[in-house]
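Trainee: I would like to go through the cavities and the aromatic contacts of this model. Please show it to me before we start.

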Amino acid sequence: MIRPIAILVGLGFSFVVLLAFVTGAYTWATEEAQHTAEHEFHLAPHSPEGGFAHDGPLGTWDVAQLQRGYQVYKEVCAACHSLKYVAFRDLAGLGYDEGQIKAEAASYQVPGIDPNTGEATFRPGLPTDYFPSPYPNAVAAAAANNNAVPPDLSLMTKARHHGPEYVYSLLTGFGPIPAELKQEFPDFTTPTGLHFNRYFPNLNLAMAPPLTADGQVTYAEGNPEPTIRQMAADVAAFLTWTAEPKLVERRQTGWPVLGFLIFATILAFLAKKQVWSSMTPGRKDD
Amino acid sequence: MSFPWAKEYTPANPVMKFLDEKLPLPRLVYNAVGAGYPVPRNLNYMWNFGVLAGFFLVLQIVTGVVLAMHYAADATVAFGKVEHIMRDVNWGWLMRYSHANGASFFFIVIYLHIFRGFYYSSYKAPREMVWLLGVVIFLLMMATAFMGYVLPWGQMSFWGAKVITGLFGAIPVVGEPLQVWLLGGFAPDDAALNRFFSLHFLLPFVIAGVVILHIWALHIPGSSNPTGVEVKGESDTVPFHPYYTAKDGFGLGVVLVLFAVMLFFLPNYLGHPDNYIEANPLSTPAHIVPEWYFWPFYAILRAFTFDFILPAKLWGVLAMFAAILMWFFLPWLDRSPVRSGHYRPLFRKFFWFGLIPVMAVLFYCGGAPAEEPYVMLSQIATAYYFLHFLVILPLVSSFEKPEPLPYSITEAVLGSDKKAVLGENTTPAT
């Protein structure tokens, strides 16, 4: 009894899904394929020339680059973007010592409570404080930015496919609408207040180009020229660190663990071979 | 249980003797996974995955209990708590990445374990109960994994929960009240997050309980084997320890090496970047996809796009659940007296050239956006999936001439079996 029922159920489901296939295939064959500017002109993110120091299983931080990237964040991005999961104490990971971190934290004003009156006020930051947001709340952020809330940057490079490359490409990808696009899609426009960028999924980004001129940030002696590309690569590296401060520690833990496991597996193989040696004359392993 | 020639446990010292008399726990372990459990001598590496699944269950429980110490199921702080684990908790990143990738590896080994069962028809008598309990474990795993993915409260957590609970909304009449009742609201929020956390903590222990039943049920007929020929005598078996503890130890090593590669070098490869964006009910992600281990069933859900008497969405939901629930009936659908796919030429063709490529297509299409040609591909694959289990499997044995089976496991291994000639069961193989 169970088999005839099963056969009927099986034929039923297949019939219904094949009906869906036939109607879907008909629509697909008769309708024009979707043809959009986003689809044709969106570009996949790419690395800066030479890649990042943290690329690959042996990659490690370029501490000087992280410090430059932090400077770019502080002087450019921080005007609109928060970094709420990063605390000043975390800056030890960028090679700063305790005194420098204290001074850095104290240069920020963070929300606090007046110990005498209990009123909300601001006080100098401590190493245990987190980077304060440039806006008191999301409504204020939206109001100041044409209704587009600037996202928090702490996890940005993990929240996008190929995150570090995406940040780098986006920051260097602003420009005029190419002539081929205009030719193929005459109706395509960038609405007022948005900015054309081929690395953004719908090609129109609310953020204005933040890095507009070489030398916008002044790097200390001994650092590379602060070109737009250099600044973009530096801040992309910095945001890789903010998203995954334990990245290098993780890989450095991984190598000895992997070495141990491979060694243990070889021993386990030899043990298995020895245990089975008496059992396997002409054994055919299925 | 098991075979008359199973070695009996003899306590080696007075302490163990005392324990054996008062609470024979060592005896239980000895008979379950020790020298007291005779196992067919010809098991190949596909028989490693039960032990490996057990390992990953334990890993998930251990890492999960530690993570729960640092987590809070509150929609306002849950996302930040996960970041706290990643940044501030000592070795927190190791715990969390082990747990996330451990879930993936648990599913990898379970899928291999299940497909081993399909190929060698491990579900057939006398092991029906082992199979039924196994399907129960798989369903519990899926529920646990789904709820666990909601806990980090990222965009995919929120929207995945919304889509999956939305499936219940497709049920006529009671659907929508049921969905609201399950979520504790109209959309996933604190109520849903808290109950998912509670159940996510509970269900692994339920799984552990059903695993004990699964192993218990297995030990009554004993393990199956690649020939599908039942054990005939002592020469067909070896004690589980040391033979299979050694073999499983090597298998575990290989899987742990792969696990370490993912964990330390590609920990987010199997995840979705959108889950590093905090849940936002006002912003729908471009493509909502579940975790990779749900992709085949998600593809089946989305393959039904045509309203035939019932709404397409309801067809999709019914098909998705049927796609797994029908596994419960396999022991009675497949009527071939031969177990192993090795000796079933026609079945074997359907398995390698039908089921396996179709599963690959469903895996791929479930993770792809709901666009052509992926929808058409998953429709063809879904049609075959149902035909394979519900039509081909019940009928194929009528048209199939099985290849000759070996007399015994010993003959399959050694090329000859003395007792096949002498008609006795006493000669152990050397």
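Trainee: Which residues line the largest cavity?

Mentor: This is a predicted model, in which local features need pLDDT of at least 70 and side-chain atom pairs pLDDT 80 or more, while totals for chains, interfaces and linings use all residues. Residues are numbered from 1 along each chain as its sequence is written, chains are lettered from A in the order in which they are written, and side-chain values use heavy atoms, with hydrogens and water left out. A cavity is a set of points on a 1 Å grid over the protein atoms alone where a 1.4 Å probe fits but cannot get out, and lining residues have an atom within 4 Å of a point. The lining consists of Phe146(B), Tyr149(B), Val150(B), Met156(B), Ser157(B), Gly160(B), Ala161(B), Ile164(B), Pro290(B), Glu291(B) and Phe294(B).

Trainee: Which helix gives the most to that lining?

Mentor: Helices here are DSSP runs (H or I, at least four residues), numbered from the N terminus. Both α6 (128-150) and α7 (155-168) of chain B supply at least two residues of the lining of the largest cavity. The most, five residues, comes from α7(B).

Trainee: How much space lies in the largest cavity?

Mentor: The structure holds five cavities of 30 Å³ or more. A volume is the space filled by probe spheres set on the grid points, which are joined across faces, edges and corners. For the largest cavity this is about 70 Å³.

Trainee: Is Tyr244(B) buried or exposed?

Mentor: Tyr244(B) also forms a tilted pair with Phe240(B), 6.4 Å centre to centre and 40° between the planes. Buried means under 20% relative accessible area, exposed over 50% and partly exposed in between (1.4 Å probe, protein chains only). With a relative accessible area of 4%, Tyr244(B) is buried.

How values were computed
1 Å grid on protein atoms, 1.4 Å probe; cavity = no way out; pocket = protein on both sides within 12 Å on 5 of 7 lines; lining within 4 Å. Phe/Tyr/Trp six-rings, centres within 6.5 Å; stacked < 30°, edge-to-face > 60°.
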